Each structure stands twice: as structure tokens, then as C-alpha cells.
Amino acid sequence: MGLVWEKPLLIEPRLADLNYANGVVVTEFGNVPVSWKKTHEGNTLDFSFSIPSGTTAIIHLPTLSKKNTLVMNGKLLVKNGIPQKEVLLEGRWIVVKGVSGKCSGSVTAN
């Protein structure tokens, strides 16, 4: 185990049938504003969130197809299902570790 403040925050949206969610999640690290929106018949998930200062997060974004494209903060992290070195594909999740600050982007099914 370990102390909670030595662990990263986990952001893992589970939207089910929701097309939109927006709010503030209260965590042990501070408030985390989040926004999720499915568009284009569920082929795109737009997102934004803000990690509290002094904290890092592990982000689990849902895969929408076998050939996803992920853009976060203007950086291409997954292209046609092929992750860049700082990104992992784990089951139904695209995993990005060490995320901090304000983040926005999209996952698109190709």
C-alpha cells in the first residue's frame, strides 16, 4: 500500500448510454472538473479535465474501435490503433500515465 497522496489519480470514464456528462468530481487530491461528450453517432468522445496542482493522473479512455485515434492537448498519441511510446492499450482502455494540468482532446473510431 502506501500513502494516498503518493499515488496517482485515476480518471476512467464509464459513460454507458450517456452522450454527455459535465461536472466536478471531489477527490482526495482536490476538485477535478470533467467534461465528456460523445459525438458523430458515438464515433468520437470529446473530453476535458483538470488535474489538481501537485498531482499526476493515469487516464483510461475507452477504445471505440480497433483503430482508434487519440489526440490530447494537440498531440497525436494513438493513430489508427497504434499507440505512441507513452501510451498503452490495455483491453478496452487507452492508458496515458503521468498526466497533469489541464487536458482536452478526443478519441475517434476510424
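## Overall fold

From the N terminus on, the elements of the protein chain run β-β-β-β-β-β-β-β-β-β-β. That makes 11 strands and zero helices. Please keep in mind that this is a predicted model.

With 110 residues, a compact globule would have a radius of gyration near 13 Å, and the 14 Å of the protein chain agrees with that. Taken along the principal axes, the C-alpha atoms fill a box of roughly 40 × 30 × 25 Å.

## How the strands pair

Let us turn to β11. Strand β11 (residues 102–109) pairs with β4 in the antiparallel sense over seven bridges. Within this pairing, Phe 49 stands opposite Cys 103.

Strand β6 (residues 68–72) also pairs with β11 in the antiparallel sense, here over five bridges. Thr 69 has Thr 108 in β11 as its bridge partner.

## A look at Gly 42

Gly 42 sits in the loop between β3 (30–39) and β4 (44–50). Its relative accessible area is 34%, so Gly 42 counts as partly exposed. The C-alpha atoms of Gly 42 and Ala 109 are separated by 8.6 Å, although the two residues are 67 apart along the chain.

## Contacts, surface and charge

Among contacts between residues at least 6 apart in sequence, 54% join residues at least 24 apart. Of the 110 residues, 38% count as buried.

The accessible surface comes to about 6700 Å², and 53% of it belongs to carbon and sulfur atoms. The protein chain carries 12 positive and 8 negative charges, whose mean positions are 6 Å apart.

Terms used. Residues numbered from 1 in each chain as written. Predicted model: local features only at pLDDT ≥ 70, side-chain atom pairs only at ≥ 80, totals over all residues. Heavy atoms only, no water. Helix = DSSP H or I, 4+ residues; strand = E, 2+ residues; numbered from the N terminus. Buried < 20%, exposed > 50% of the residue type's maximum accessible area, 1.4 Å probe, protein only. Pairing = 2+ DSSP bridges. Rg over C-alpha atoms; globule rule 2.2 N^0.38 Å. Contact = heavy atoms within 4.5 Å. Areas by Shrake-Rupley, 256 points an atom, 1.4 Å probe, with all protein chains shown as cover. Lys, Arg positive; Asp, Glu negative; His and termini not counted. Charge placed at Lys NZ, Arg CZ, Asp CG, Glu CD.
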